[in-house]
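Subject: Structure for you to look at

Dear colleague,

Please find below the structure that I promised to hand over.

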Amino acid sequence: MKKLVGIIMGSDSDLPIMNKAIEVLQEFQIGFEVKILSAHRTPDEHTDYAKTAEQRGLKVIIAAAGGAAHLPGVTAAHTILPIIGVPINSKLNGIDSLLSIVQMPSGIPVATVAVDGAKNSALLAIEILALSDKKIREKLIIYRENQRKESYAKNEKLNK
């Protein structure tokens, strides 16, 4: 399966949260790769990863980070691929991470989901891919319809 999405995180401590993104990509049968890369501890490896992502076939990168949360922004500085930042709950309930990611300077955007919002990061990546892939688009439409049906079923159960 061709890898279309890169998932990177600064530490393996982020993996329990990022597994939610992995599960969604697996459900949609979208190829992905997962790497632990730090903007601070492995800056050269990270830079190489970001600079070569497009030529390796990636279309979107999801970058998770806690604390100072530089990983998404530094990644965006090295590629023109869409970057989706996932702020990880850390010292200040993830608010520090969230603010670090959303405060990107003009000209270097990073899309950002909620604190620990790995599932939504994968769904946003899928929406981006669906713009140019009809099969992914159809799967996304079915996924959304199933969500609607599940919500309706919950209401029916509640009303009984």
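With which side chain does the side chain of arginine 144 make a polar contact? The partner is the side chain of glutamate 127, at 2.4 Å, where a polar contact is a pair of N or O atoms within 3.5 Å, of which, within protein, one must be able to donate a hydrogen and the other to accept it, and residues adjacent in sequence count only if both atoms are side-chain atoms. Arginine 144 itself is found in helix 6, residues 134-159, and it is partly exposed, because its relative accessible area of 46% falls between the limits used here (buried is under 20%, exposed is over 50%, with a 1.4 Å probe and protein chains only).

Before you read on, please bear in mind that this is a predicted model, in which local features need pLDDT of at least 70 and side-chain atom pairs count only at pLDDT 80 or more, while totals for chains, interfaces and linings use all residues. Residues are numbered from 1 along each chain as its sequence is written, and side-chain values use heavy atoms, with hydrogens and water left out.

As to the chain as a whole, it has 6 helices and 5 strands (DSSP runs, H or I of at least four residues for helices and E of at least two for strands, numbered from the N terminus), and from the N terminus on these elements run β-α-β-α-β-α-β-α-β-α-α. The radius of gyration is 16 Å, close to the 15 Å that the globule rule gives for 160 residues, so the chain is as compact as a globular protein of that length; the radius is taken over C-alpha atoms, and the rule is 2.2 Å times the number of residues to the power 0.38. Along its principal axes the C-alpha trace spans about 55 × 35 × 30 Å, and buried residues make up 42% of the 160 residues. Of the contacts (heavy atoms within 4.5 Å) with a separation of 6 or more, 68% are between residues 24 or more positions apart.

Two residues that touch each other deserve a joint description. Serine 38 lies in the loop between strand 2 (31-36) and helix 2 (43-52), and it counts as buried because its relative accessibility is 6%. A polar atom of its side chain lies 3.0 Å from the backbone nitrogen of histidine 40, and, not counting residues up to four places away in sequence, serine 38 touches Gly10, Pro43, His46 and Leu71. Leucine 71, in turn, lies in helix 3, residues 71-77, and is also buried, with a relative accessible area of 3%. With that sequence limit applied, the residues that leucine 71 touches include Ile8, Met9, Gly10, Ser38, His46 and Ala63.

Most residues other than glycine have a negative phi.

With kind regards
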